[in-house]
Amino acid sequence: MKTQSTFNLSVSVNGKPWSGEVPIEETLLEFLRNRLQLIGTKRSCESEVCGACTVLVDNRAVSACNYLAFEANGKSVLTIEGVAQGEQLDPLQEAFIRNIGAQCGYCTPGQIMAAKALLMENPTPSREQIAEWLNGNICRCGAYGAIAQSILEAAQESQAKRERP
């Protein structure tokens with residue numbers, strides 16, 4: 001019996017289609033960083049513990065370090081590089097800058113992607129809901145207060161935009 005060693009992948013990454021052959025064991029993190037040169041998604045624990053590799057697949061947060069690239073077949077992947085709209089930063093990115101939610105910055109892409117997934121699911125989270133949602137995203141600098149404040153402000157800004165006539 002012959003086993004399959006490659007897969008013909010078709011995926012949308014940050015709104016751009018990509019098709020090609022990938023090794024069956026290639027992780028989404030390796031695919032993004034090595035093939036597409038999208039290096040904003042970070043490699044760290046490689047065991048779904050730290051959250052540095054968080055990306056969105058069909059608007060759901062996943063750990064790219066343990067998600068195989070072929071699992072994204074036919075799906076939409078959003079990385080930190082695709083969050084801003086051209087030169088316009090996402091409200092989450094602006095709030096992180098304003099509140100110094102990024103200190104060393106290593107965890108920041110994963111924090112922002114996890115927060116983006118949270119705000120898609122719950123546009124008005126409480127501080128407690130934010131803390132629970134981000135319990136899989138570790139910040140070694142301890143910027144949790146600034147990160148939570150940034151998410152609250154981004155949520156408030158988005159709510160204000162929705163309520164404008």
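This note goes through the sheet, the helices packed on it, the aromatic pairs and the salt bridges of a predicted model.

1. Basis. The model is predicted, so local features need pLDDT of at least 70 and side-chain atom pairs count only at pLDDT 80 or more, while totals for chains, interfaces and linings use all residues. Residues are numbered from 1 along each chain as its sequence is written, and side-chain values use heavy atoms, with hydrogens and water left out.

2. The sheet. Five strands make up an open sheet with mixed pairing, in the order β2-β1-β5-β3-β4. Strands here are DSSP runs of E with at least two residues, and helices are runs of H or I with at least four, both numbered from the N terminus. Two strands pair if DSSP finds at least two bridges between them. β2 and β4 are the edge strands, each pairing on one side only. From one strand to the next, the twist averages 40°; angles run from 0 to 180 degrees between N-to-C directions, and axes are lines fitted to C-alpha atoms, for helices over the stretch in contact.

3. One pairing in detail. Strands of a sheet pair through backbone hydrogen bonds, either parallel or antiparallel. β1 and β5 run parallel and are joined by two bridges. Ser12 has Ser76 in β5 as its bridge partner.

4. Helices on the sheet. Helix α1 packs on the sheet and touches β1, β2, β3 (54-57) and β5, where contact means heavy atoms within 4.5 Å. The direction of α1 makes about 110° with that of β2. Helix α3 lies across β3, β4 and β5, and runs at about 35° to β3.

5. Aromatic pairs. There are two aromatic pairs in the structure. Rings of Phe, Tyr and Trp (its six-membered ring) pair if their centres lie within 6.5 Å; planes under 30 degrees apart count as stacked, over 60 as edge-to-face and the rest as tilted. Phe7 and Phe70 have ring centres 5.6 Å apart and planes at 45°, so this pair is tilted. Phe7 is in strand β1 (residues 6-13) and Phe70 in the loop between β4 (60-63) and β5, 63 residues apart, so the pair links distant parts of the chain. Trp18 and Phe31 have ring centres 4.8 Å apart and planes at 80°, which makes the pair edge-to-face. Trp18 belongs to strand β2 (residues 16-23) and Phe31 to helix α1 (residues 28-35). Is each of these two residues buried or exposed? Phe31 is buried, at 0% relative accessibility, whereas Trp18 is partly exposed, at 21%. Buried means under 20% relative accessible area, exposed over 50%, and partly exposed in between (1.4 Å probe, protein chains only).

6. Salt bridges. Side chains of opposite charge can pair when their charged atoms come close. A salt bridge is a side-chain nitrogen of Lys or Arg within 4 Å of a carboxyl oxygen of Asp or Glu, and the count comes to five. One of them joins Asp90 and Lys116, at 2.9 Å from N to O. Asp90 lies in the loop between β5 (76-78) and α2 (91-98) and Lys116 in helix α3 (residues 108-121), so the pair ties together parts 26 residues apart in sequence. Asp90 is buried at 12% relative accessibility, and Lys116 is buried at 17%.

7. Partly exposed salt bridges. Glu157 and Lys161 form a salt bridge with their closest N and O atoms 3.7 Å apart. The two residues are four apart in helix α5 (residues 144-163), which means they are separated by about one helical turn. Glu157 is partly exposed at 23%, as is Lys161 at 46%. Arg43 and Glu46 form another salt bridge, at 3.1 Å; Arg43 is partly exposed at 29% and Glu46 at 43%.
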